[in-house]
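The following note is meant for a colleague meeting this structure for the first time. Its points are numbered and may be read in order.

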Amino acid sequence: MKSGDVSKLYRQYVLPTYRQFEIAFAKGKGSKLWDLEGREYLDFFPGWGVSALGHCHPDVVHALKNQARKLMHVPNNFLIYQQAKLAEQIIKASFPGKVFFTNSGTESNEAAIKYARKYGASSGRYEIITMSKSFHGRTMGSLAATAQAKLHEGFQPITSGFRYAEFNNLESIKEQINDKTVAVMLEPIQGEGGINVADSKFLSGLRKLCDEKKLLLIFDEVQTGFGRTGKLFGFKHYDFTPDIMTLAKALGNGVPIGALVVHERIAEGVFTPGSHGATYGGNPLVTATALAVLKTLLKKNLASRAESLGNYLEQKMKALKEKHAVIEEVKGLGLMRAISLTVPGAAIMEACLKKGLIINCTQDKILRIMPALTVSKKEIDRAFEILDEVLQEAAVTV
Ligand SMILES: *Cc1c(COP(=O)(O)O)cnc(C)c1O
């Protein structure tokens, strides 16, 4: 089968929810991918942040295969020891509290929204404040939490109970608080919104505000989690903890798993038997795999690798900015980086792809660069050679 044959099947049988490239991948290893025609690609946006250990990491493959042979699924009305172990490991790596397992980022956020509402029910509070340019997922609750009008279009009525404030602007959050407010939810670094880093004064002010007004502070760490930003979690860049943290993407490195983590200060008496559930959530197959992911991350100290390689990447981006006037700003933390352009970035991204480099373009003018935490310096050098070439050629044709 060739990529063209796959494309034909898509056109006939798959709903067109994605704009797609005519490329179908057959295998991957580390930061490399090969398509059905055998062409090699350097992947600097592996699985939208999912494949943080690189494609087909041997420890992850090993754990997945082993577990698949033994037991893949049992329901949550029995004890699942891999799930219990994984919850323990996530808590030890983050903050004291408890975990609920889901299958995706949006489901983790749905769980957080339900958690906040149940928490506020006794005091009649249910409103959640979220930020401009946020992204929390595509299901109805998370979609309502996502403050981007273009994503709401056609899906009205949007779930009520959400108010929107401006990211990095504490005053605008204060303006949205009333006696119905129960929580504030945000990404410590906005991913889809264009790699916008929350500044630490804003966040520490927000933590204080939430304490004063008895609001839950919810961090969506679906994209920032598991070493991406140079620390194991985004909140670790600051000297406080959120009350709730949501996870997915890199937790499974390719198996569908997400998690809701609630701090011990609010962990009791909110979710009780029957409050919430997920048939697949935390089954033996995915939790055994995620255990191997977390173990590898910690053993290889990949968060600090993301920090040092992130600094290297930043130098490369700054050098590129010196050379190309079309680059307006370089931003990000760890291996979660972006180059913002003065012109639309789609053509640049596509030109990179033609030369075998995969990156992402978001919010029209922002090139998102998020290689695996296992990426090598040599691979970073190669990626920036390609970017340099592409920007050079684009300048010539303008
Ligand atoms: C990707 C993402 C989501 C949605 O995750 P899905 O697994 O696609 O549902 C939610 N929040 C953030 C910050 C994300 O980056």
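1. C56 is found in the loop between strand 3 and helix 2; helices (H or I, at least four residues) and strands (E, at least two) are DSSP runs, numbered from the N terminus. Although C56 is not a glycine, its phi is positive, at about 50°. C56 counts as exposed, because its relative accessibility is 52%; exposed means over 50% relative accessible area, buried under 20%, and partly exposed in between (1.4 Å probe, protein chains only).

2. A word on the basis of this note: the model is predicted, so that local features need pLDDT of at least 70 and side-chain atom pairs count only at pLDDT 80 or more, while totals for chains, interfaces and linings use all residues. Residues are numbered from 1 along each chain as its sequence is written, and side-chain values use heavy atoms, with hydrogens and water left out.

3. H57 is placed in the loop between strand 3 (40-43) and helix 2 (58-70). H57 is buried because its relative accessible area is 12%. Leaving out residues up to four places away in sequence, H57 touches T296 and K300, where contact means heavy atoms within 4.5 Å.

4. A positive phi also occurs at N253, a residue other than glycine, with a value near 50°. N253 lies in the loop between strand 11 (244-247) and strand 12 (258-263). With a relative accessibility of 11%, N253 counts as buried. A further backbone feature is the cis peptide bond that joins Q156 and P157, with omega about 0°. P157 is in the loop between helix 6 (149-152) and strand 6 (162-165).

5. Polar backbone atoms of G105 and T106 each lie 2.8 Å from an oxygen atom of the ligand. For K249, a polar side-chain atom is 2.6 Å from an oxygen atom of the ligand. The ligand taken alone exposes 390 Å², of which the protein buries 80%; these accessible areas come from the Shrake-Rupley method with a 1.4 Å probe.

6. E192 sits in the loop between strand 8 (189-190) and strand 9 (196-197). E192 counts as buried because its relative accessibility is 18%. Among the residues that E192 touches, beyond those up to four places away in sequence, are F135 and Q223. The C-alpha atoms of E192 and S134 are separated by 7.4 Å, although the two residues are 58 apart along the chain.

7. The largest nonpolar core has 77 residues, of which F44, I173, L206, I339 and L387 touch the most other members. Such a core is a set of buried Ala, Val, Leu, Ile, Met, Phe, Trp, Tyr and Cys residues joined through side-chain atoms within 4.5 Å. A second, separate core of 22 residues includes A111, A112, A145 and A267.

8. L367 lies in strand 17 (residues 366-369). L367 counts as buried, because its relative accessibility is 0%. Its contacts, leaving out residues up to four places away in sequence, include I339 and L387.

Conventions
A polar contact is a pair of N or O atoms within 3.5 Å; within protein, one must be able to donate a hydrogen and the other to accept it, and residues adjacent in sequence count only if both atoms are side-chain atoms.
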